[in-house]
Amino acid sequence: MRAPRCEDLTALFELQGESYPPALRDSLEAFASRLRLAEGCSQVAEIDQRAVGYILAHPWLSRQPPAVDTVLSPLSGDGPRILYVHDLSVSARAKGTGLGGRLVDAVLEAGRRGGLRRAELVAVPGADGFWKRMGFQTLDVAPDLARKVRQYGDGALYMGRAL
């Protein structure tokens, strides 16, 4: 595993397309903005020099997940900072190898090294079991955040854990 590079953009964007339904995919511009913010907190996994998985995570404000397909700018403003796990994608070629868990472990460690104390994410429908195995728990959320989470589909959950 290694940190993502600018030249990975196209391959990672294609992996996103394999893993998520169209309504949950970011445009290339939005995806690139997340990749820029994710410097130091994200990982790419390769087999034979070809990307087979990635995880994008970046510092963000607690309980304020960015909307799907929005271009992000560096954080400004006050509030508790967390590691926001934006996106985890593993190609069919690497499924069942434990790669997803290794990617998560790597970004959680990066968040700890960066001085962050919590991680949060939106678990898309059907993914909560994986995230629970990674130590995340479902969080109670205010009505405005609950509406935002529902945009990810019926059964999406807002989850968090200590780092």
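Colleague: Hi! Which side chain does Glu 7 meet in a salt bridge?

Modeller: Hello! In this predicted model, the side chain of Glu 7 meets that of Arg 5 in a salt bridge, at 3.0 Å from N to O.

Colleague: Is Glu 7 buried or exposed?

Modeller: Glu 7 is exposed, because its relative accessibility is 59% and the cut-off for exposed is over 50%.

Colleague: Are Asp 8 and Arg 2 buried or exposed?

Modeller: Asp 8 and Arg 2 are buried.

Colleague: Okay, what about Arg 112, which side chain does that one meet?

Modeller: Arg 112 meets Glu 109 in a salt bridge, at 3.1 Å from N to O. These two are three residues apart in helix α3, which covers residues 99-113, so about one helical turn separates them.

Colleague: Why does a spacing of three places matter in a helix?

Modeller: An α-helix has 3.6 residues a turn, so residues three or four places apart point the same way.

Colleague: Nice. How accessible are Arg 112 and Glu 109?

Modeller: Arg 112 is partly exposed, at 35% relative accessible area. Glu 109 is partly exposed as well, at 31%. Elsewhere, salt bridges that share partners join Arg 2, Asp 8 and Glu 46 into one network.

Colleague: Let's switch to rings. How many aromatic pairs are there?

Modeller: The count comes to four aromatic pairs. One of them is Phe 31 with Tyr 54, an edge-to-face pair with 5.7 Å between the centres and 85° between the planes.

Colleague: Where do Phe 31 and Tyr 54 lie?

Modeller: Phe 31 lies in helix α2 (residues 28-37) and Tyr 54 in strand β2 (residues 50-61), so their pair ties together parts that are 23 residues apart in sequence. Phe 31 is buried, at 0% relative accessible area. Tyr 54 counts as buried too, at 0%.

Colleague: Which residues form an aromatic cluster?

Modeller: Phe 13, Phe 31 and Tyr 54 form one aromatic cluster. There is also a ring with a charge over it: the charged end of Arg 161 sits over the ring of Phe 136, 6.0 Å from its centre.

Colleague: New topic: helix α5. Which of its residues are buried?

Modeller: Leu 145, Ala 146 and Val 149 are buried in helix α5, which spans residues 143-150. These residues cover an arc of only 105° around the axis, which puts them on the same side of α5.

Colleague: What's on the other side of α5?

Modeller: Pro 143, Asp 144 and Arg 150 are on that other side, and they are exposed.

Colleague: And what do the buried residues of α5 pack against?

Modeller: The buried residues of α5 pack against the strands β4 (118-123) and β6 (157-162).

Colleague: I also spotted His 58. Where does His 58 lie?

Modeller: His 58 lies in strand β2, and it is buried, with 0% relative accessible area. Leaving out residues up to four places away in sequence, His 58 touches several residues, including Leu 37, Cys 41, Pro 66, Tyr 84 and His 86.

Colleague: Let's zoom out. How many helices and strands are there?

Modeller: The protein has five helices and six strands. From the N terminus, the elements run α-α-β-β-β-α-β-α-β-α-β.

Colleague: What radius of gyration does the protein have?

Modeller: The protein has 15 Å, which agrees with the value near 15 Å for a compact globule of 163 residues. Its C-alpha atoms fill a box of roughly 45 × 30 × 30 Å along the principal axes.

Colleague: Last one: what share of the residues count as buried?

Modeller: Of the 163 residues, 47% count as buried. As for contacts between residues at least 6 apart in sequence, 69% join residues at least 24 apart.

Notes
Residues numbered from 1 in each chain as written. Predicted model: local features only at pLDDT ≥ 70, side-chain atom pairs only at ≥ 80, totals over all residues. Heavy atoms only, no water. Phe/Tyr/Trp six-rings, centres within 6.5 Å; stacked < 30°, edge-to-face > 60°. Helix = DSSP H or I, 4+ residues; strand = E, 2+ residues; numbered from the N terminus. Buried < 20%, exposed > 50% of the residue type's maximum accessible area, 1.4 Å probe, protein only. Lys NZ or Arg CZ within 6 Å of the ring centre and 35° of its normal. Salt bridge = Lys/Arg side-chain N within 4 Å of Asp/Glu carboxyl O. Arc of directions from axis to C-beta. Contact = heavy atoms within 4.5 Å. Rg over C-alpha atoms; globule rule 2.2 N^0.38 Å.
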